[in-house]
Amino acid sequence: MNHGEPFRFCTERRLVQLTGQTARTLSGLLVVLREISGSSVFYHTHHQFLSHHFEKPVVYNDFTNWVSEALQENLLAEKLYAVDLLAFASIRQLRNAIISVIEVHLEQVGGSLRECPPGDEFHFCKSKSFVMPTGIVAGDVSDFFKKVRGITNVSLYFHFLEARLRLERPTNDFSHWLRGRGESELADSIDHLDPYVVTLDELREQIVELGRNRGIG
Amino acid sequence: MESARAGIHLDDYEGIVGVEVIDELRVLADRVRGRHLQNINSTAVGGGVAEILTRMVPLLRELGVTATWDVMKGGEAFFDVTKALHNALHGKAETITERMQECYRETTDANLRQMDFTGDVILVHDPQPAGLIARKKDVGRAWVWRCHIDVSTPDAGAWKFLAPYVEQYDASIFCNE
């Protein structure tokens, strides 16, 4: 994104596809996790943020849910729950972190023979994103904070959660653009927002509030 | 099949989903403006699919998508068969006998003789009209099977009967939540 350019808000629609890969055990989960596409890892760790944006599920991570509910491996589920999604700048790093947690756990407990009940297999999905411009364009910083109020949660999700990991950029689109406009303090403040503990509506309000506190928008 | 609900408009939903969602739908629709989405199901009233299409078709038209809705014809025997099939796909132990399968095929064939398939995308809803895929080899077009029921634990015999039809579609859509 050229920093001299206006901010063009995009949106996306996702096509979720079954990969045909499944797992019935922790070992089986590891085998697939090591090879499955990054879009699958991203889908299973992030889709609930968009699907349940009116509420905050206790656990957003599909791997955590499955380990807990299908395998009854509650200790491992807690360890997976503790994986901080904000700590990663790429899907590759996130995948490796999840794999590492499972591998260490298996070493510590001497392996696991638990198999999920029939019908409770983990089905790996992946999502293909179709990104398109919304037509909403912010010409300057003030305009940005006005316009950000009117974007959909999908657009917010794309610019704040998805773009960061997919583009392997350690910041969100908003902060990246604001820094280019010389608003480093605002950019940092938005960067420090944790999108994983609030709903998308709450995240939007937090962003708008940051601008409001600076008398912008 | 023309929708009887002429009074439904996108703006009616603004207060529920927010004006930004409606505006974004218009942006998305612009990309498929003029394309023909032909919906096919088995009943004009009653059931969730009819309820969906009663609203979805006029809303799509308002967005500039040429959406149509065709209903396949079938007698009581056919709908008894598809009800059993529906239950079996949900996991209930049901036997789809050869006679029942023949009834399904005959009804499908009768509809194939009468229906026109003109959509750019032909969206077939649920198992009842799934057999209409037989026309794909003649008319081409993109065929999508939309499954509105839970087929995660189907009766094996029922799925064995339906799968050859479903596998011919270009894509199938299921709900997974």
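Ala, Val, Leu, Ile, Met, Phe, Trp, Tyr, Cys and Pro count as nonpolar, Asp, Glu, Lys and Arg as charged, and the others, Gly among them, as polar. Keep that handy for the tour.

This is a predicted model, where local features need pLDDT of at least 70, side-chain atom pairs count only at pLDDT 80 or more, and totals for chains, interfaces and linings use all residues. Residues are numbered from 1 along each chain as its sequence is written, chains are lettered from A and ligands numbered from 1 in the order in which they are written, and side-chain values use heavy atoms, with hydrogens and water left out.

**Stop one: where the chains meet**

Color chains A and B separately. Chain A brings 13 residues to the contact and chain B brings 8 (contact means heavy atoms within 4.5 Å). On chain B's side, select Glu24(B), then Arg13(A): the two form a salt bridge, with their closest N and O atoms 3.0 Å apart. The term means a side-chain nitrogen of Lys or Arg within 4 Å of a carboxyl oxygen of Asp or Glu. The rule finds 1 salt bridge across this interface. The side of chain B that touches chain A has 3 nonpolar, 1 polar and 4 charged residues.

**Stop two: a link inside chain A**

Over all chains there are 22 salt bridges. For one of them, pick Arg34(A) and Glu103(A), whose closest N and O atoms sit 2.7 Å apart. Arg34(A) is in helix α1 (residues 26–35) and Glu103(A) in helix α5 (residues 91–109), so this pair ties together parts 69 residues apart in sequence. Helices here are DSSP runs (H or I, at least four residues), numbered from the N terminus.

A cavity is a set of points, on a 1 Å grid over the protein atoms alone, where a 1.4 Å probe fits but cannot get out; lining residues have an atom within 4 Å of a point. How many cavities of 30 Å³ or more does the structure hold? There are 2.

Conventions
1 Å grid on protein atoms, 1.4 Å probe; cavity = no way out; pocket = protein on both sides within 12 Å on 5 of 7 lines; lining within 4 Å. Points joined across faces, edges and corners; volume = space filled by probe spheres on them. Helix = DSSP H or I, 4+ residues; strand = E, 2+ residues; numbered from the N terminus.
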